[in-house]
Every structure is written in structure tokens, then in C-alpha cells.
Amino acid sequence: MDRAEAEIRESRFLIRRPEVTGYVGDVACRLLASHCRDVRAYVVRTPLFNASMAPNGMMQVWTGLLLRCRDEAQFAAIVGHEMGHYLRRHGIERWRDVRSKADVSAFLTLGLGAAGLGVVGMMTQLALVASIFAFTRDQEREADVVGLNLVAGAGYPPVAAAEVWEQLIAELEASTAEQSVNVFFATHPAPEERLGSLRALAAGRGDAQGDRGRERYRSRLAAIRPMLLRDEVALRQYGRSEVVLDLLLRDAPDDGLLWFAKGEIYRLRADAGDAERALAAYESALAGLGAPPETHRSIGMVQLRAGRPEAARQAFERYLALKPDASDREAIRALLTR
Amino acid sequence: MHLRRCLPLVLLVLAGCAPYTLVRPERQTVGGVLSVQPGTMWNRVTVPAFAGKIEVWTLDGTVLNFLMFFTGTADGEPLFTRRGEPGGRSGAERLPVFRSTMNPLEIEELFKDTLARNLGSPIVETRGLRAVTLGGGPGFHFETRAVGRDEVERSGVVTGAIRGGRLYAAWFQGARLHYFERYLPEFDRLVGSAQLVGEAAR
């Protein structure tokens, strides 16, 4: 386990921005209070939904999870659940299992990486990592109860945990046709069943109000949000991403970055009607706050494809005016003179 | 489940089933469509880890560097897939595919997202897209940078062109330390010597 932590510390996938890792650590501390010093938080750049807490206090949070939480309360709910496993020492019972699986995982990564089979290696490793921390159904329930108590004790609304599950179920439904791997779902109880018990637990506590921390969550993660969205779009899981972005847009309907990402989903999917959907999303992005200069570049690409060269030219010109040092400047000029 | 799915691949690697054949420094026709003049001895990988309308060469082994030729990717086809990947991907999570109407900006994007998916890594970048000449006609060129799950940073260059609605290209990638830069001049010479032949010339 210590070796795994040493590897993660050196990893190129580790997010090293102190404002981000510091924030994740702060949320963990708010939940744990006296155990705070035991926890070391690592944010790993992987656009999938997962978090884990090892028996030695190493907490991993993947960027796909950060993107999907709508506020600090939801994020705290997931962290609280993982803390539940940690406090109840669930991981220790599986320690021997961990050792043997970790060795297999290292072997696979090496062998398949060497063969250039990156994604198989990655997914295999993820499945193993997840199975290392896969707990029994009773342990999951116990972690839910402990997590909920931590969350409520720290002043967050206990209903946040149920909300996260509800969002994940909506996403899962949008991807029924997709053969995607979600290690979290693969190792946790059936999501609908979980949602029901989380709702019941929250209702039982009665204290529905609490600190949502929506603005704090947004501002502390602002530096990595463009990256989180880029990584999500690059997955090309159009249906799932659309569900995620629509949820986030509900809270921030004038967020230019979110609208831009939504436009990208449609532009890249390029099904019938997607060109117009993309253009509408880009327009919302520009009407909102924080649309990146690339919005104009993408409008140019859609217009070009739609056979409207003059509109494309204007959009590309705007992009180059906003980003005069763009590395594709020459290629865009060449495209416009074709 | 995933472990089980990969076992055949692991066995393949263990059995040493990735043999090479020598490519001499004399004019070669790749996939019947790309004629190139290598300046040094290469190795053709006969069972590459990836599948598609591709051919893979290497100098020091594919972990350290490789040259992937795209020998006529057709409309609707992905650039390349992982060998043994379950077929019939459809719906919302399909692998991005080549469209014969794509412009160089879209090709660059297609490469970036295909690499991210096939390497299983979000750390993939492309930059420096520019117009070049390939085989006497218009083409494009850009750089790639990727960090695989093995934590190795690799640099790459892509030069290609679309002819008759099909994609012809060469992508050289190597470990950023030493194995990329050392052979970059060889790649430039090789691509400079490229001619489109056979159905690519029609």
C-alpha cells in the first residue's frame, strides 16, 4: 500500500494544484475533525466517477467525480461514505487480498502497456483497484450510515448522498447502449436499491437543511474546470455527457464553459440536427460568462461543414483575434483561402 | 470480467507472438498505396497491438518508438482500434470515425480523441497544425504528445493527406527522452520521399 502511495505521488496523472488538493483535504477534515491528520488526499486525472480510501489513510479522488458533483455537500457525501469504510476498518479485512491483487495489477500494466494496449491495461487495473476496495453489501450499508452521520454532523444536508446516486442513475440510463466501464457501479450494490436506502436514511434524520457550499465548490475548483470538461468531451460518451452537462447547467445557466462543452458534444456527434444544436449551445456560451475563445473556432468548424463559408470565416477571424498566438493559426488561414 | 477479457492478449504477449520482419533501407510499398524510402533498417511489426487499415514499423521496439502508416482509412471507419476490441460499437459511445469530408482541423481532433481512447489516458495533446505537401499534393502535419498509463511521455508527429475520400498518413511516436528526437530526421526524410501509388494515386 505504501508503494502504491509512492507511485501515486510521482504520477503524471496527479493533480498538483495546491488550491485543489488543499480543498479536497479541507472537506475531508471538516467531516473527520479529529481524524483529519490521518488522511492524505490525492486528486487523480481520470475522467471517471470514483473515490477510494485505503486503510493507511490514502484517499483518492478522480476528476470525473469532481466534475459530477453539483456542490460541496454532494462531494462531501461521497467522501463521507469512503470515510465510513475507513473508520469501520473495512479495508483491513481485505488486506491480504490487496497484496495479491496489487501484484497482478502491476504485472498486467507492465505487460499490456508494453504491448501498447493502454486502455485494456488501464481498465483492468481500474477493475482490480475497485475490487480491492469492493466491500460486502453490509459494509456498504454501514459506510452509508457512518457517512451520512459525518455529513450531517459537519452541517451538510444529509439528502446530498441520495442526490448523487440519483444523478448517476440518470447518467447510467443514458448509456444503456454503451459498453462503458464504471468501476464504481461495478462494485457497489444495485444503484436503485442504494438510492432508496439513502433516501430513507436522510428522511430518518429529518434535518434536511444544511450548507450546500455551491459557490465555494465552484470557485475552489475553477482552475481545473476547463480541463475536467475537456477530458469529459474527449471521452465521446455523448449521451452520458449530455446528462452531466444538463445537470450542471441547471445550477449555472449562464456558464459559458458548460455551454461550450455542450456544443462540442453535438458538433462531435454530428448526427442529424446536431449542427444547429451545437450552434445554439455556442450562442448560449457567448451570451453567458466565461466562454473560451475556442467557441468561435468551433462555430467556424460547424459553419464550414454546413456550407456557410462566410459565417465560418467571420467566426475563425474572431477566434484568431482573441487568440493571436494559436498554434493552428496557419492551418486556419489555409482553410479560409481554399 | 475485464481480467478474463484480456487473458488471451496476455497469453499472446507471453508467448512472444509479436514477431518482426526486417525492412531494408530500400524503397518500400506500404499497404499497396504508400511508397516510401527508409534511410535505415526498420522492423515491421506483424502482429501490432492495434488493428485497422494500418501498418506498424519500429526501430527500438514499440514501447520506445513506432511508425504507424494509415493506408486508406475509409469514410465511417475509426483510425485504429485495439486488437481484440469487441466489435459493433454503436450508439452514443462509439469510437470516433474518419469522415471523407473532414478538414485538417477535424482530422487533428480525430487523432487526439482516438489516442485518448486507445491509450486510456486523458493526457493527450495535439498542436502546430499546418499545411504541407505529401506525395506532390496537399496534406497536413501536426505534433502529438501523450502520457500513457505506463507514465511515459511520448512525442509524435503526423503527416497525412486525404485522396479520393480516403486517409493516408504516417504517425511517428517515441519516448520523449531520446527515442523520438533521435529518429525525427529519419521520419522527415521518409515522409519527404512518400508517393501515393496504386488506388491512392487514382
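1. Let's start with D231(A), which counts as buried at 7% relative accessibility; buried means under 20% relative accessible area, exposed over 50%, and partly exposed in between, with a 1.4 Å probe and protein chains only. Its side chain meets that of R45(A) in a salt bridge, at 2.8 Å from N to O. By salt bridge I mean a side-chain nitrogen of Lys or Arg within 4 Å of a carboxyl oxygen of Asp or Glu. The two partners are 186 residues apart: R45(A) is in the loop between β1 (40–44) and β2 (51–53) of chain A, and D231(A) is in helix α12 (residues 225–234) of that chain. R45(A) is buried too, with a relative accessible area of 14%.

2. A word on how to read all this. The model is predicted, with local features needing pLDDT of at least 70 and side-chain atom pairs counting only at pLDDT 80 or more, while totals for chains, interfaces and linings use all residues. Residues are numbered from 1 along each chain as its sequence is written, chains are lettered from A and ligands numbered from 1 in the order in which they are written, and side-chain values use heavy atoms, leaving out hydrogens and water. Helices (H or I, at least four residues) and strands (E, at least two) are DSSP runs, numbered from the N terminus.

3. Now for a second pair, R218(A) and D255(A), whose side chains form a salt bridge at 3.0 Å, N to O. R218(A) sits in helix α11 of chain A and D255(A) in the loop between α13 (238–251) and α14 (256–269), so the bridge ties together parts 37 residues apart in sequence. R218(A) is partly exposed at 27% relative accessibility, whereas D255(A) is buried at 5%.

4. D211(A) and R30(A) make another salt bridge, at 3.1 Å from N to O. Because D211(A) is in the loop between α10 (191–205) and α11 (214–220) of chain A and R30(A) is in helix α2 (residues 18–32), the pair joins parts 181 residues apart in sequence. Both ends are partly exposed: D211(A) at 26% and R30(A) at 32%. Over all chains, the whole structure holds 45 salt bridges.

5. What about the nonpolar interior? A nonpolar core is a set of buried Ala, Val, Leu, Ile, Met, Phe, Trp, Tyr and Cys residues joined through side-chain atoms within 4.5 Å. The largest has 71 residues, and M59(A), L66(A), F75(A) and M83(A) have the most contacts inside it. Setting aside neighbours within four places in sequence, L66(A) is in contact (heavy atoms within 4.5 Å) with residues including V43(A), F75(A), Y217(A) and L228(A). Another core lies apart from the largest one and has 36 residues, among them A331(A), V158(B), A169(B) and W171(B).

6. Helix α18 (residues 329–336) of chain A deserves a look: its buried residues are A331(A), I332(A) and L335(A). They span an arc of only 100° around the axis, which puts them on the same side of α18(A); the arc is that of the directions from the helix axis to the C-beta atoms. These buried residues pack against α16 (294–305) and α17 (309–322) of chain A, together with α2 (104–119) and β9 (124–134) of chain B.

7. Finally, chain A as a whole. Its secondary structure comes to 18 helices and three strands, and buried residues make up 56% of its 338 residues.
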